[in-house]
Amino acid sequence: MLYVVLFFLAISLLLYVILAGADFGAGIVELFSSDQNQQITKKTVYRVMGPVWEANHIWIIIILVILWVGFPEFYNVLVLYLHIPITLVLLGITLRGVAFVFRHYDAFKDKSQILYDWMFRISSFVTPIFLGMTFGAMLSGHIIIPEHIESQSFYNLFIAPWFNGFSVFVGLFFAALCAFLASILLIGEASDEERPIYVRKSRIATVTVIIMGFLVLCFSYLYDIRFLSNFVKNPYALTLVAISALLIFPLLRSIKLARKITTRTFTGVQVVLILIAALIAQYPNLIITSDASINILKTAAPDKVINVLGISLIVGGCIILPGLYHLFRSFKMIKIFER
């Protein structure tokens, strides 16, 4: 049953990155657009994301609940030593949701709409950066777990693990990945007149993701981040990344031809391959500290707790997944099933 729980944890992470990533990315695409294109993107984002944006954050709730109940020691390290970036992520999600609601559903339209627009755009950009920085902190080796907490400074314990070059580059990489997902999604949702805008943005986002990924690897090499050595030594991770790199060429061709289904298919496969490669390179030691690694399997709760959690996830999955599919199908978010 432990691996059933881990399966749901991995699936929730993948779905959150893809669905919420595209959600965040829509705001990033809008932020880095001209004034005219910002208004075009704003309307398109509302039409596409409006019916489903709340559902995208179900997955991060499931992730936190699984870690809290099933892997309490692992969860404790995250929320204790990385509580600042996690709090900033939750704050960003909240501000973004408030801005999204008020800029579209406010009964009275005035200059406050400008504030809501910028709140939505900035929070869409900053939130995935802090998410990426949190993940980078888990792999950076800067987390210190002292025997006596009073022996360390506040900066060393709660700032340095996530506020460093490697984590920042990982955060920027994730923000670029979100923009990449959103621009690809919007190709299939835009009108014929507006589609060239998102074709161009998709090309820029693709190049940006490649550059940021290269910078992450370079920084890891220059500063001897343990993640890189674990990654290079894992043949499965290298194979997955190589396949993802090869898919760039058919993806760029699909973007050029503005194909709805193939662009989304290649994009989804690439993102999944990159995430799986990053996870299996470290599994099961998903947190690297300054002097050791934390094995998520060794932090699992007792078998009775894991069994109940696994059964609950299976039952919940049977309820949530069909409902989510129906939601996306009703609003034509799944283009592959359209004629």
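Reply: A crossing is left-handed if the near helix is turned anticlockwise from the far one by less than a right angle, and right-handed if clockwise. H5 passes H6 in a left-handed crossing. The model is predicted, with local features needing pLDDT of at least 70 and side-chain atom pairs 80 or more, while totals for chains, interfaces and linings use all residues. Residues are numbered from 1 along each chain as its sequence is written, and side-chain values use heavy atoms, without hydrogens and water.

H5 covers residues 83-105 and H6 residues 112-140; helices here are DSSP runs (H or I) of at least four residues, numbered from the N terminus. The two pack at an angle of about 155°, and their axes (lines fitted to C-alpha atoms over the stretch in contact) are 8 Å apart. H5 is therefore roughly antiparallel to H6 (an angle over 145 degrees).

On the H5 side, the contact (heavy atoms within 4.5 Å) is made by residues including Pro-85, Leu-88, Gly-92, Arg-96, Phe-100 and Arg-103. H6 contributes, among others, Gln-113, Tyr-116, Asp-117, Phe-120, Ser-124, Thr-127 and Leu-131. By class, the contact of H5 with H6 has 14 nonpolar, six polar and three charged residues; Gly counts as polar, Pro and Tyr as nonpolar, and Asp and Arg as charged.

The structure holds 13 aromatic pairs (ring centres within 6.5 Å).

Note on methods: Axes are lines fitted to C-alpha atoms, for helices over the stretch in contact, and angles run from 0 to 180 degrees between N-to-C directions. Angles under 35 degrees count as roughly parallel, over 145 as roughly antiparallel, 65 to 115 as roughly perpendicular and the rest as oblique. Rings of Phe, Tyr and Trp (its six-membered ring) pair if their centres lie within 6.5 Å; planes under 30 degrees apart count as stacked, over 60 as edge-to-face and the rest as tilted.
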